[in-house]
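Please examine the structure below together with its sequence.

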Amino acid sequence: IRQLFGRASTSSSSGNAARAKVCHMSSMARKPMKQYGANGPAMHKSEEDFIYNWMNKLRTLRGNGVANGRIVRCRKSTETGSESLRPGTKRVHFVRHGEGHHNVHSTRWFDEKKKGNPWQHASCPIDPGLTDLGVTQAKELNERSERELGAGPQVVVVSPLLRTLQTATLGFDYIVGKVPFVAQEDCREIMGQHRCDRRVSPAFRASRFPHVDFSGLEDHDPVLAARCGDPTEEDLEATAETDAVFNAVPNYAEARETDEAAVGRALDFLFWIRDRPEQDICVVTHSAFLCVAFNGAMLCDCEDLQSWFSTGEIRSVDLTYEA
């Protein structure tokens, strides 16, 4: 299987059959062969075992029917634009945000061999933005997207956290003002416990990102948005009380969203994508949410798709639905 899976050339019908066999096996619950995206690990070595086992658990959940009959089939996209798509198929370009300050925080934490959860500690930033490297990654994404996707994308869907808003704005700068940018709560990072995954009211972001439609968020207040600037430290700390979606997780201060709930939310999001009028869609989101979507919610035709996303990475896929 290791020789067949992307490492040895295949040709003719026998090669296609061999690849199909491997891709079929990748949809079964088993330990993942690969964890990393195209640009390297994008995780600390101390996280590897957890991620490895979590991917396998997510695939087992999918195999056990946690999707409740909702099936999303995912295959690598080899074309651009929506003209070649069959009716009912969506071409989606999934993006992980560029490096954020919370990524640097956790890397230093693990390098210093500290105990405990770095994202739960009071030193972890709330709703952090991109680092200088993250900004560079987003700008490189824009160059690649303009070159490879061109005028194909019809909408950019973005998680309403600062790092994803920045990545979407910089990473698809060439289509800002030409297509809708829509904030969507269901593609947020896994909820609960981690300070970096709480968000401030969209009123604090609306003036900075006027091209993004926040109207779908329950706490969006356009009147307040017109008066708000950037949030203060007090505003950020107040998210412990004001981020209603994050706080809906039982015992959210100490526990994370369950895998079953995260898979259900990912499926809700994917079927929301299905029901949108656009066929060519960009989604800017987070690493753990992407891991859930590709391992627990979707049936992927190749294991490369199920590996951990690097910061600033983009993967283009075609989705088909059964329900």
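## A buried phenylalanine and its partners

F309 has a relative accessibility of 1%, so this residue counts as buried (buried means under 20% relative accessible area, exposed over 50%, and partly exposed in between, with a 1.4 Å probe and protein chains only). F294 is likewise buried, at 1% relative accessibility. The model is a predicted one, in which local features need pLDDT of at least 70 and side-chain atom pairs count only at pLDDT 80 or more, while totals for chains, interfaces and linings use all residues. Residues are numbered from 1 along each chain as its sequence is written, and side-chain values use heavy atoms, with hydrogens and water left out.

F294 and F309 form a tilted aromatic pair, with 5.6 Å from centre to centre and 50 degrees between the planes. Rings of Phe, Tyr and Trp (its six-membered ring) pair if their centres lie within 6.5 Å; planes under 30 degrees apart count as stacked, over 60 as edge-to-face and the rest as tilted. The pair links distant parts of the chain, 15 residues apart: F294 lies in helix α12 (residues 287-297), and F309 in the loop between β7 (298-300) and β8 (314-322). Helices (H or I, at least four residues) and strands (E, at least two) are DSSP runs, numbered from the N terminus. Together with F94, F294 and F309 form one aromatic cluster.

## Aromatic pairs in the whole structure

Eight aromatic pairs are found in a search of the whole structure. In one of them, the ring centres of F246 and Y252 are 6.2 Å apart and the planes stand at 75 degrees, so this pair is edge-to-face. F246 is buried, with a relative accessible area of 1%, whereas Y252, at 22% relative accessibility, counts as partly exposed.

## An enclosed helix

How many of the ten residues of helix α5 are buried? Nine are, so α5 (residues 162-171) is largely enclosed by the rest of the structure. Among the buried residues of α5 are L162, R163, T164 and G171.

## Two helices in contact

Helix α2 (residues 48-63) and helix α11 (residues 259-275) pack at an angle of about 65 degrees, and their axes are 11 Å apart. Axes are lines fitted to C-alpha atoms, for helices over the stretch in contact, and angles run from 0 to 180 degrees between N-to-C directions. The contact (heavy atoms within 4.5 Å) is made by W54, K57, L58 and L61 of α2 and by D259, E260 and V263 of α11.
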